Amino acid sequence: MGEKKSFWKHLKAWVDGEEVILDADKYIVSRSVKEKKNWGGRYSMENIKGNKKLYGFLSVAISVLFIGIMLSVVNDLPEFGNPSNPANNEVMERYLESGIEETGAINFVAGMILDYRAFDTFGESNVLFLAVMCVVLLLKKDKNNYSEKEEAENWEDDYFDENEKRPILKVGGKLLAPLIILYGIYVILNGHLSPGGGFSGGTIIGAGLILYASAYGQKKMQTFFTFRTFTLICVACLLTYCACKSYSFFTGANHVGYEIPKGIPGNILSSGFILPLNICVGLIVACTMYGFYALFTKGDI
Amino acid sequence: MSAGIQIILLVFLVACALAVSLTKNLFIAVIVFMGYSSIMAVIWLLLESPDLAITEAAVGAGVDSVLFFLTLKKVHYLKGTREG
């Protein structure tokens with residue numbers, strides 16, 4: 001039990017970024033002075049630097065080897081566009097023939113990724129969420145990850161954001177950011193009718209948010225987008241996606257019969273769950289993009 | 001006409017890819033990478049996949065480069081900034 005507890009303590013200290021060695025004083029007394037190993041001679045820095053030509057040759061040789069392997073594989077691939085290729089099987093015909101009927105989406109790609117292959121898209125959204133969680137874990141500022149120098153720099157940044165005159169950036173941001181965000185919303189909402197969809201529209205909205213934040217500073221962003229909003233939107237969207245798709249799976253797979261009406265293909269309110277799923281994916285992607293930017297600049301959203 | 005444009009774009013694409021890997025200056029490498037993404041977006045459009053073109057333009061040329069610049073700033077690479 002005691003050992004487990006100390007392991008837990010170690011893990012907690014490591015996650016919090018504190019001193020990894022517990023009872024550091026005892027450890028320093030107990031450890032003996034390390035002998036200086038004689039790395040010299042062959043492995044000295046000068047010798048390694050002197051071998052630059054060899055390393056260059058080796059890197060080129062390995063690259064050529066890999067390129068050769070790849071090209072030989074490409075040589076064995078079936079011819080592009082051949083009708084008897086294994087990729088041209090009945091799945092594609094089914095998509096092309098009854099795609100509109102079954103999904104209700106005019107945009108085949110949206111019908112595929114959000115209806116036939118909705119589980120893949122769910123995994124992708126989760127991957128994005130995990131990526132932003134990792135960045136939060138590494139870069140977010142809290143009481144354990146804090147230095148006065150960075151705080152002073154942040155204060156300086158805020159001061160310049162408020163008081164410096166940057167007319168091109170500020171006027172450009174004011175004029176362009178709403179248009180970019182509006183275009184992103186259009187792309188998301190028309191995901192099942194025209195090219196685009198959740199991911200594209202989400203990145204466009206994220207780019208607009210980044211433009212606004214870089215022009216007006218993070219303090220102004222925090223009036224409507226805080227860490228709390230970020231967490232709520234991400235988690236709520238993932239849960240909504242999960243619930244919608246679970247509903248489809250349970251009712252569809254068991255032939256219960258409570259299907260979502262498909263509507264008339266071409267209307268904005270049609271194609272079942274694709275529109276809400278597009279909105280969910282778009283919101284997650286937009287939050288993730290802006291979250292990356294905010295965490296990289298200030299260490300806080 | 002279209003084939004000529006495509007050949008020019010592909011030549012630019014290869015040139016950009018080589019330039020990114022050969023340049024010593026990371027700042028220039030990121031800017032050339034932005035150019036690469038823009039060319040790639042046009043090529044996606046010519047290959048009739050406009051949704052990929054939208055995503056490539058927004059992610060490759062927009063958000064990616066911003067993240068690269070921020071990383072360069074974090075590792076004290078950019079000269080002329082406070083961290084540089």
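Analyst: Let's start with a cut-off: a residue counts as buried if 20 or more other C-beta atoms lie within 10 Å of its own, exposed if 12 or fewer, and partly exposed in between. Keep in mind that this is a predicted model.

User: Okay, so what makes B:Leu13 buried, exposed or partly exposed?

Analyst: B:Leu13 has 16 other C-beta atoms within 10 Å. That value falls between the limits of 12 and 20, so B:Leu13 is partly exposed.

User: Where does B:Leu13 lie, and what is it in contact with beyond its sequence neighbours?

Analyst: It's in helix 1 of chain B, residues 2-22. Leaving aside neighbours within four places, B:Leu13 is in contact with B:Tyr36, B:Ile39, B:Met40 and B:Ile43. B:Ser38 is 25 residues away in sequence, yet the C-alpha atoms are 9.5 Å apart.

User: Why say that helix 8 of chain A lies largely in the open?

Analyst: Count its buried residues: zero of 16, so helix 8 of chain A lies largely in the open.

User: And how do you know what span to expect for helix 8 of chain A?

Analyst: At 1.5 Å a residue, 22 Å is expected, and helix 8 reaches 22 Å from its first C-alpha to its last, which is close to that.

Terms used:
Residues are numbered from 1 along each chain as its sequence is written. Chains are lettered from A and ligands numbered from 1 in the order in which they are written. This is a predicted model: local features need pLDDT of at least 70, side-chain atom pairs count only at pLDDT 80 or more; totals for chains, interfaces and linings use all residues. Helices (H or I, at least four residues) and strands (E, at least two) are DSSP runs, numbered from the N terminus. The expected span of a helix is 1.5 Å times one less than its number of residues. Two residues are in contact if their C-beta atoms, placed from the backbone, lie within 7 Å.
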